[in-house]
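Thanks, everyone. Let's talk about charged side chains and who pairs with whom. Here is the model.

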Amino acid sequence: MLTFVPTPLGNLRDITLRALDSFESATLFLCEDTRVTRRLLSLLREREILNEMPEAEFLSFHEHNGPARLKEIARRLASEHVVYVSDAGMPGISDPGQLLVEYCQKEGIDYDVLPGPSAVTVAYAASGFPSGKFLFYGFLPRKGPQRKAALEEILRSEWDTVLYEAPHRLEKLLEEIAERDGEREIFAAKELSKQHQHYDRGSAATLLKRLRETKGFRGEWVLVVSGKVQDWRALYAEDLYDMDLPPKVKAKLLARLEGGKASDWYRKILEA
C-alpha cells in the first residue's frame, strides 16, 4: 500500500511512532527531495529515534516529474510498501501528492494518510484570530494579473486565509497588502518548531515596518491574513420603494426580496 507520512517541520521529536514504523518497513520512498529525506532518516537514526535505516529505494516525486514518475512506479504501488513524504509537514498539501491519491482511488489501491505536523494548522492555532474559520491558499502566483486577482480575492474574503511565502518574496507580499489595506490584521509565523521560531502579529503596515527595521525577512514563513469585516445592512421593501430606480428594475428587486412575480410588483409600483 501507499502511506503518506508527515515529517517534522523542524524539531525531530515531532515524528510519530506510526511514521517510524512506516519508514522501517518501506521498500520505496517517494520524496519531494531525496537528499532531504535521506538526511532526515540519518538524523533520526543517529539520535536513536529510528531503530534501523530502511533498506529501500529513494526516488524523487515532485511538481516537475510527478506524472512521468507515476507511470514508472504505478505497478509497485499495489505490490510494495511505498512511503510518500514532502520535505517537511503534511504531504499532499502544496505538493503533487494529490496525483498519487487520485491514482490509488481510481485503481483501488490501499493508501493511508498519517496524522502529524502541519504548518497550516500550527500557524492558525498560534494566530489567536477568533473566527475559527480559515481558508488555505498555499503559495500565491509569483507575478502578473493572476497574483493580483488572487490577492484581491483573499482581501475581499470574510474568512481568515493561510498563505505560504518564500523569504525573498515576503516583503513584496506585505507591501502589496499594505497598499490595499494597511490596517488589515496579519499573523506571521517564522521557522515553526525550530530554534529561531518567531511569532508576530499586527497590521500589514506595522508588520512591514517592523520587519524592515529588524531585517527579519529571512526564514520560512507562514502568514495568516484576517478576514474582511463585512458591513452587512438589512434592506427592506420600503427602502426599495424610496430608491430612484427604473420601475422594472425596482420590480425585479422587490420580487427577489419579498417573493412573488416581478410583473405583479411592477403593476403595484405604477399604481402607487
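How many residues apart are lysine 106 and glutamate 102 in helix H4, and what does that make in helical turns? They are 4 residues apart, about one helical turn. Helix H4 covers residues 97-107. Lysine 106 is exposed, at 64% relative accessible area. Glutamate 102 is partly exposed, at 39%.

A reminder: this is a predicted model.

Next, helix H3, residues 66-79. Arginine 69 and glutamate 72 both lie there, 3 residues apart, again about one turn. They form a salt bridge, with the closest N and O atoms 3.0 Å apart. Arginine 69 is buried, at 16% relative accessible area.

Aspartate 181 is partly exposed, at 24%. Arginine 184 is buried, at 6%.

Beyond pairs, there is a network. Salt bridges link Arg147, Glu165, Arg169 and Glu176. The count for the model comes to 17 salt bridges.

Now lysine 250. Which side chain of opposite charge is nearest to it, and how far away? Aspartate 244, at 6.6 Å. What does it touch, leaving aside neighbours within four places in sequence? Lysine 250 is in contact with Leu240, Tyr241, Met243, Leu245 and Ile269.

Terms used: Residues numbered from 1 in each chain as written. Predicted model: local features only at pLDDT ≥ 70, side-chain atom pairs only at ≥ 80, totals over all residues. Heavy atoms only, no water. Buried < 20%, exposed > 50% of the residue type's maximum accessible area, 1.4 Å probe, protein only. Lys, Arg positive; Asp, Glu negative; His and termini not counted. Salt bridge = Lys/Arg side-chain N within 4 Å of Asp/Glu carboxyl O. Contact = heavy atoms within 4.5 Å. Helix = DSSP H or I, 4+ residues; strand = E, 2+ residues; numbered from the N terminus.
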